[in-house]
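I opened the notebook to look up a few items in this structure. The entries follow in the order I took them.

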Amino acid sequence: MRSSTGRSAGGCWSASVRGIYQYSGSPDTSGLVLFHAAALLRARHFNYISLETVLSDSGVISQIPMGWVTLISTGRSAVVDCGRFGSIDFVHTERPMACIMDHLTYDAQRDLFRADVELAIADMARFRRRGIADLIQREDATDEHL
């Protein structure tokens, strides 16, 4: 992933999302394009992977969001359509990051911070994503958290 445009002798760049291009001669096959695009799109803001994305990856909910990643961001809320790759859901927060740093780890593969399950469940309540409560697969997750 790059944030430039152009052509080279071996192929051309194809647009992934606003101002972000992927070299078509060597497409990304990691399945992490949306995460990398999110990191580039909001490089000036603090972002972390949370909500349905973390709960699904952790096995807390059985549904797997296909072509959709959800991040909490100090930038504005937006859903960014990345064409054939899917969508990125940025959810705005004004919470000071110092309050939650103990619940975040850096995911080098995705170039973003990631919430732990406890924070993701708290974020579900904070951002009123109540429809997911019925999908929780953990025995220790209770409705009082949601």
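This is a predicted model: local features need pLDDT of at least 70, side-chain atom pairs count only at pLDDT 80 or more; totals for chains, interfaces and linings use all residues.

I then listed the buried residues of helix H3, residues 117–126: Val 117, Leu 119, Ala 120, Ile 121, Asp 123 and Met 124. Just past the end of H3 I found Arg 128 with a positive phi of about 55°.

**Entry: core**

I looked up the largest nonpolar core next and found 34 residues in it. Tyr 48, Leu 55, Leu 71, Ile 88 and Leu 112 have the most contacts inside this core. Two or more residues come from each of H1, E4, H2, E5, E7, E9 and H3. H1 gives the largest share, 6 residues.

Leaving aside residues up to four places away in sequence, Ile 88 touches Leu 34, Ala 37, Ala 38, Leu 41, Val 69, Leu 71, Ala 78, Val 79, Val 80 and Cys 82.

**Entry: hairpin**

I went on to strand E6, residues 78–81, and its two faces. Ala 78 and Val 80 make up the covered face, while Val 79 and Asp 81 are on the uncovered one.

In which sense do E6 and E7 pair, parallel or antiparallel? I found the antiparallel sense, over 4 bridges, with E7 spanning residues 87–92. Asp 81 has Ser 87 of E7 as its bridge partner. The two strands, E6 and E7, form a hairpin with 5 residues between them. In the turn, Gly 83 has a positive phi of about 60°.

**Entry: aromatic rings**

I searched the whole structure for aromatic pairs and got 3. Phe 46 and Phe 113 have ring centres 5.3 Å apart and planes at 35°, so I logged this pair as tilted. The pair links distant parts of the chain, 67 residues apart: Phe 46 is in the loop between helix H1 (33–41) and E4, and Phe 113 is in strand E9. I checked the accessibility of both rings' residues. Phe 46 is at 22% relative accessibility and counts as partly exposed; Phe 113, at 25%, also counts as partly exposed.

Phe 113 has a further pair, with Tyr 106, and I logged that pair as edge-to-face, at 5.2 Å centre to centre and 75° between the planes. Tyr 106 is partly exposed, with a relative accessible area of 47%. Ring pairs join Phe 46, Tyr 48, Tyr 106 and Phe 113 into a cluster.

**Entry: arginines over rings**

I looked for charges over ring faces. Arg 42 lies over the face of Phe 90, 4.0 Å from the ring centre. Arg 110 lies over the face of Phe 35, at 5.0 Å from the ring centre.

**Entry: His 36**

Is His 36 buried or exposed? I found a relative accessible area of 16%; the cut-off for buried is under 20%, so His 36 is buried. His 36 is placed in helix H1. A polar atom of the His 36 side chain lies 3.0 Å from the backbone oxygen of Gln 109.

Key. Residues are numbered from 1 along each chain as its sequence is written. Side-chain values use heavy atoms; hydrogens and water are left out. Buried means under 20% relative accessible area, exposed over 50%, partly exposed in between (1.4 Å probe, protein chains only). Two strands pair if DSSP finds at least two bridges between them. Rings of Phe, Tyr and Trp (its six-membered ring) pair if their centres lie within 6.5 Å; planes under 30 degrees apart count as stacked, over 60 as edge-to-face and the rest as tilted. A charge sits over a ring if NZ of Lys or CZ of Arg is within 6 Å of the ring centre and within 35 degrees of the ring normal. A nonpolar core is a set of buried Ala, Val, Leu, Ile, Met, Phe, Trp, Tyr and Cys residues joined through side-chain atoms within 4.5 Å. Contact means heavy atoms within 4.5 Å. A polar contact is a pair of N or O atoms within 3.5 Å; within protein, one must be able to donate a hydrogen and the other to accept it, and residues adjacent in sequence count only if both atoms are side-chain atoms.
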